[in-house]
Amino acid sequence: MKAIVVGSGAGGATAARELQSNGFSVVVLEAGPPFKPFTRRISWAEPLRRWGLLGGAGTFKHFFPPMDIQRSSPELILVRGLATGGSTTLSCGNLIRAHRGLEEIGLDLTPEYDELEGELKPNPIPPDKWRPVTRNMFQSAKELGLNPEATPKVVDATRCNCCGLCELGCSRGARWDSRKFLTEAIRDGASLKSRSFVEKVIIHNGMVTGVRTRDNREYSADVVVLSAGGIGTPQILKNSGLEAVDHLWADIVLTMGGVLADARQLEEPPMAWYTQDEDYILSPYPDILSHYFHKPWRKVPIQDRVGLMVKLADTEKGAVLANGKVEKHLTGHDQGRLDLAIRQAKEVMEGAGIVGPFIRGVHNGGHLGGTVPLNKNDVDKMKPSWLPDGLWVADLSLAPRSQGLPTILLSAALALRVAREILKSTA
């Protein structure tokens, strides 16, 4: 049987590998080009940054095309990866189990989490690779009763050179990304076509029989799996005359910036530890976007800038249009929780000897999901009942709630479960 998988991130690569290794002939269609990490030294940009000549955050994609950035409202930008490997190539390599909203619909991903962790073997970055400021913030968070813990990562510490630029791609290959799963699928016989932007699915007599790309090429298949992410997947559905829910979540990130002379926070892997509250985490994070493109951060040189991130489970309220544009705002609830969390971040930083001016960074979101959410009646088949025959979704679009946590493991686990349901349904 033939399968088309649209997207090559955590969901798409996992689904493609599972289907290919179990008898399917898989074609992966990726909208972006082959991924290339950002390998230039970023110090060249410091003079331009100080004079405000780099423009806003939206200009960053001109320096680094795989990072697609769009503003969904005056106060919020959304970030996603558009290249082979999807957003996993732009990640910090964190592998954490996320469960928020899953118990409510009766979905237990423990078997998939166990299997993926057993294969990828996440481990924390050894504390001797942490900068002193990171160790001091960890101790401060501990004294405040926030129970910090080292972040499990799929990063080979022996190959990591502590450049701090995980989110611009790992040029040393120290950090896992979904291209490794994709490579395994290709070795088994799958094919990958990059720069293949899928515009719509083809429906014949109530069944999806293939897809059409933006350049009017058609690909036929017995099964189509949409793994184009929380924006790409609903965009394809709406262009195809199908439903998608205006239920987008993004896991809002807001970094509190402080100052400590010669902190050199960039000289370590970001997010070395985290604390977990009901709907947000705190984690050390230099926030390259805010440093280079947020005017209030301009006066402090990068070696003296310290960031402590808030990652918030936001209100699931956002719309993806058929043209790919997104309308999403911070709600009053989001802002209230961010205010609480950012005050807590400031306490942690002050306890670690970091001083002001304390300035908030850019509101941004990079975990995009919730636009094709599962409900209780869908979980057994891992497929929303309104999707036509032959069409499946295998990415964060299925997760009904925002997580406020790293989501690579969640996306891969969802895709693994979906792929196995496809295999059962076609056996």
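**Cysteines, strands and a buried glutamate**

At a relative accessibility of 24%, cysteine 170 counts as partly exposed, a class that lies between buried (under 20% relative accessible area) and exposed (over 50%), as computed with a 1.4 Å probe on protein chains only. The model is a predicted one, in which local features need a pLDDT of at least 70 and side-chain atom pairs count only at pLDDT 80 or more, while totals for chains, interfaces and linings use all residues. Residues are numbered from 1 along each chain as its sequence is written, and side-chain values use heavy atoms, with hydrogens and water left out.

The sulfur of cysteine 170 has its closest cysteine sulfur in cysteine 166, at 6.6 Å, which is too far for a bond. Cysteine 92, which is buried with a relative accessible area of 5%, likewise has its closest cysteine sulfur in cysteine 166, here at 5.5 Å and again too far for a bond. A search of the whole structure accordingly returns zero disulfides, a disulfide being a pair of cysteine sulfur atoms within 2.5 Å.

Seen as a whole, the protein contains 10 helices and 19 strands, which are DSSP runs numbered from the N terminus (H or I over at least four residues for helices, E over at least two for strands). The C-alpha trace spans about 65 × 45 × 40 Å along its principal axes, and buried residues make up 60% of the 427 residues. Of the contacts (heavy atoms within 4.5 Å) between residues at least 6 apart in sequence, 76% join residues at least 24 apart.

Strand 11, residues 252-259, is mostly covered, since eight of its eight residues are buried. In a regular strand the side chains alternate between the two faces of the sheet. Here Ile252, Leu254, Met256 and Gly258 point one way, Val253, Thr255, Gly257 and Val259 point the other way, and all are buried. Strand 11 runs antiparallel to strand 14, to which eight bridges join it, and strands are taken to pair if DSSP finds at least two bridges between them. Valine 259 has arginine 305 as its bridge partner in strand 14 and valine 355 as its partner in strand 17, while isoleucine 252 stands opposite glycine 365 in strand 18.

The loop between strand 14 (305-312) and strand 15 (319-320) holds glutamate 316, which is buried at a relative accessible area of 18%. Its side chain makes a polar contact of 3.2 Å with that of arginine 401, where a polar contact is a pair of N or O atoms within 3.5 Å; within protein, one must be able to donate a hydrogen and the other to accept it, and residues adjacent in sequence count only if both atoms are side-chain atoms. Beyond its neighbours within four places in sequence, glutamate 316 is in contact with residues including Arg100, His247, Trp249 and Pro400.

A separate arrangement is the open, antiparallel sheet of three strands in the order 7-8-9. Strand 7 (198-204) and strand 9 (218-220) stand at its edges with a single partner strand each, so one side of each is left without a neighbour in the sheet.
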